[in-house]
Amino acid sequence: KTCVCGGSRPPGSPDRGPPPSAMAASSSVPAPPQPPQQWRWLPTSGQLMVAAALLRLLMIGVAEVQDRLAEVAYTDIDYQVFSEAAESVALGLSPYEGRTPLLQADATRYRYSPLLAYILLPNIWLHKAWGKLLFSGLDLVAALVLRAWLERYAGHDPTTVKVGLCLWLFNPFCFTISTRGSGESVVVLLIYGCFWALHVQRRIPLAGCLLGLAVHWRLYPVIFGLPLALSLGPPRRCRWPWQRLLHSGGILFGAVTFGVFVALGALFALIYGREFLEGAYLYHSRRLDPQHNFSVYFYPTALFLEDKSGLFPNIARFAALPQFALCFWLGWSEADLGPSVAPLLQAIALVATNKVLTAQYFVWWWAMLPLALPWLSWRRWAFGRSLLLWAVGEVHWLLWAYLLEFRRWPVRPGVWGASCAFLAAHLWLLSEIRHSARLHAAAAAAPKVRDCSSGGAGPKAE
């Protein structure tokens with residue numbers, strides 16, 4: 001007869017407990033991890049979806065009233081640009097045609113994929129709110145993909161599933177962007193679909209098609225290609241670094257992504273000529289914006305454009321160098337922390353160091369945060385504190401911008417100082433998310449040894 005701690009005793013002898021050596025060994029065995037505390041007060045995922053749909057319908061109705069009656073419209077000016085470009089297509093013209101004052105002005109020209117104008121043709125045929133309803137509906141479709149993703153990778157923790165849905169469905173940056181008429185939800189849905197096809201279905205060609213279409217629509221998802229390709233290859237322990245990238249899965253994924261992007265670009269370049277390449281891609285590489293925005297580059301850019309003596313250099317011209325170096329490093333070094341951790345870190349770095357930064361760009365990384373929750377120790381106070389610090393930094397910047405734009409105070413250096421503080425908040429958030437991912441990875445890699453007193457059949461301590 002053998003005791004549960006591995007010792008043996010002769011038949012009929014009294015049970016005196018495990019020998020001292022076994023007690024010493026068992027005392028060194030870590031206790032089994034406790035299940036995470038559940039937030040039972042959260043509604044079900046179905047209730048969250050219904051509430052999110054009603055919220056978006058309400059905001060679209062508010063926009064119709066506010067645009068008619070209020071001095072400041074709710075609808076984004078870009079939505080009017082999209083609609084006028086769609087009207088140009090309906091008339092048989094190019095969406096890049098300077099047919100109206102908005103489409104002629106340099107600040108508001110149509111500089112997007114023609115696909116955006118195509119899907120907004122019902123704005124002309126049916127109702128001008130069609131695009132808002134479409135973008136809001138795609139919000140909900142993206143939430144369905146997100147819920148399936150979270151249930152697959154965090155199904156043991158319903159709170160993570162619900163919190164992830166809330167971060168996307170009820171984030172003010174996300175639902176206001178869609179109801180104001182911005183098409184970011186199209187790109188988010190394509191990215192979510194790419195992650196699902198690649199990591200769940202293992203359908204590499206489909207994932208490459210979705211990422212290629214997303215990059216055609218908005219250039220920024222191209223940075224996700226590196227960690228996604230690395231996730232298909234051998235682990236970091238391989239002999240040569242290039243072996244992590246040059247493998248059959250990575251080559252196929254990269255080839256399909258690149259092929260879709262080039263094919264769409266060639267098609268629309270054939271149809272619309274250089275004005276498509278100029279508006280969709282080339283303009284963004286040389287864009288200079290002296291107007292105050294969240295970026296730390298706005299004030300140096302303004303000084304460069306206003307200076308006639310040539311004393312101030314155009315440092316925004318080199319903004320892409322540290323930006324893409326940081327994105328490459330994060331994509332390469334953090335690809336093993338989870339399927340969506342490195343893309344989240346890349347998105348934060350890209351947004352924080354961009355030479356032009358508006359509130360619309362925050363959606364780029366806020367949309368990636370729910371995908372990464374299963375691989376983050378997000379319940380830690382330090383994690384929430386970093387998000388709170390980021391929000392404080394944004395509000396601090398808005399205060400200075402209000403004094404400059406509405407009060408007409410000469411506080412442009414103060415706005416730039418707030419932009420610098422906001423950059424620091426971004427970098428602090430990036431560092432904390434990276435630390436949370438490493439803590440989660442270390443906890444997941446720790447040996448899960450069951451205490452012998454529990455009666456389980458876990459492995460014995462050596």
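## Leu190 and its contacts

Apart from neighbours within four places in sequence, Leu190 is in contact with Leu210, Leu213 and Ala214. The model described here is a predicted one. Leu190 lies in helix H10, and its relative accessibility is 11%. Because residues under 20% are classed as buried, Leu190 counts as buried at this value.

Leu190 and Leu210 stand 20 residues apart along the chain, while their C-alpha atoms are 5.6 Å apart in space.

## The chain as a whole

The chain has 462 residues, and 48% of them count as buried. Its secondary structure consists of 21 helices and zero strands. The accessible surface amounts to about 23,000 Å², and carbon and sulfur atoms contribute 66% of that area.

Contacts can also be sorted by distance along the sequence. Among the contacts in the chain with a separation of 6 or more, 70% are between residues 24 or more positions apart.

## Helix H11

Helix H11 comprises residues 204-217, a run of 14 residues. From the first C-alpha to the last, H11 reaches 20 Å, close to the 20 Å expected at 1.5 Å a residue.

H11 is mostly covered, with ten of its 14 residues buried. The buried residues are Ile204, Ala207, Gly208, Leu210, Leu211, Gly212, Ala214, Val215, His216 and Trp217. Leu210 and Ala214, both buried in H11, are also among the contacts of Leu190. What do the buried residues of H11 pack against? Their partners are helix H5 (114-119), helix H10 (184-200), helix H12 (225-230), H13 and H14.

## Helix H13

Helix H13 has 25 residues, which should span 36 Å at 1.5 Å a residue.

The buried residues in H13 are Gly249, Gly250, Phe253, Val256, Thr257, Val260, Leu264, Gly265, Phe268 and Tyr272. An α-helix has 3.6 residues a turn, so residues three or four places apart point the same way. The cover over the buried residues of H13 includes H5, H10, H11, H12 and H14. Just after H13, Gly273 adopts a positive phi of about 75 degrees.

## H13 against H14

Helix H13 (residues 248-272) packs with helix H14 (residues 274-286) at an angle of about 130 degrees, and the axes are 6 Å apart. The angle makes H13 oblique to H14. On the H13 side, the contact is formed by Phe261, Gly265, Phe268, Ala269 and Tyr272. On the H14 side, Arg274, Glu275, Phe276, Leu277 and Tyr281 take part. The residues of this contact comprise seven nonpolar, one polar and two charged.

## H2 against H8

How are the axes of H2 and H8 set, roughly parallel or roughly antiparallel? Helix H2 (residues 45-69) and helix H8 (residues 158-169) have axes that come within 10 Å and cross at roughly 5 degrees. H2 is therefore roughly parallel to H8.

In H2, Ser45, Leu48, Met49, Ala52 and Arg56 make the contact, meeting Lys162, Leu165, Cys166, Trp168 and Leu169 in H8. By class, the residues of this contact divide into seven nonpolar, one polar and two charged.

How values were computed. Residues numbered from 1 in each chain as written. Predicted model: local features only at pLDDT ≥ 70, side-chain atom pairs only at ≥ 80, totals over all residues. Heavy atoms only, no water. Axes fitted to C-alpha atoms, helices over the stretch in contact; angles between N-to-C directions. Helix = DSSP H or I, 4+ residues; strand = E, 2+ residues; numbered from the N terminus. Parallel < 35°, antiparallel > 145°, perpendicular 65-115°, else oblique. Contact = heavy atoms within 4.5 Å. Nonpolar A, V, L, I, M, F, W, Y, C, P; charged D, E, K, R; others polar. Buried < 20%, exposed > 50% of the residue type's maximum accessible area, 1.4 Å probe, protein only. Areas by Shrake-Rupley, 256 points an atom, 1.4 Å probe, with all protein chains shown as cover. Expected span 1.5 Å × (residues − 1).
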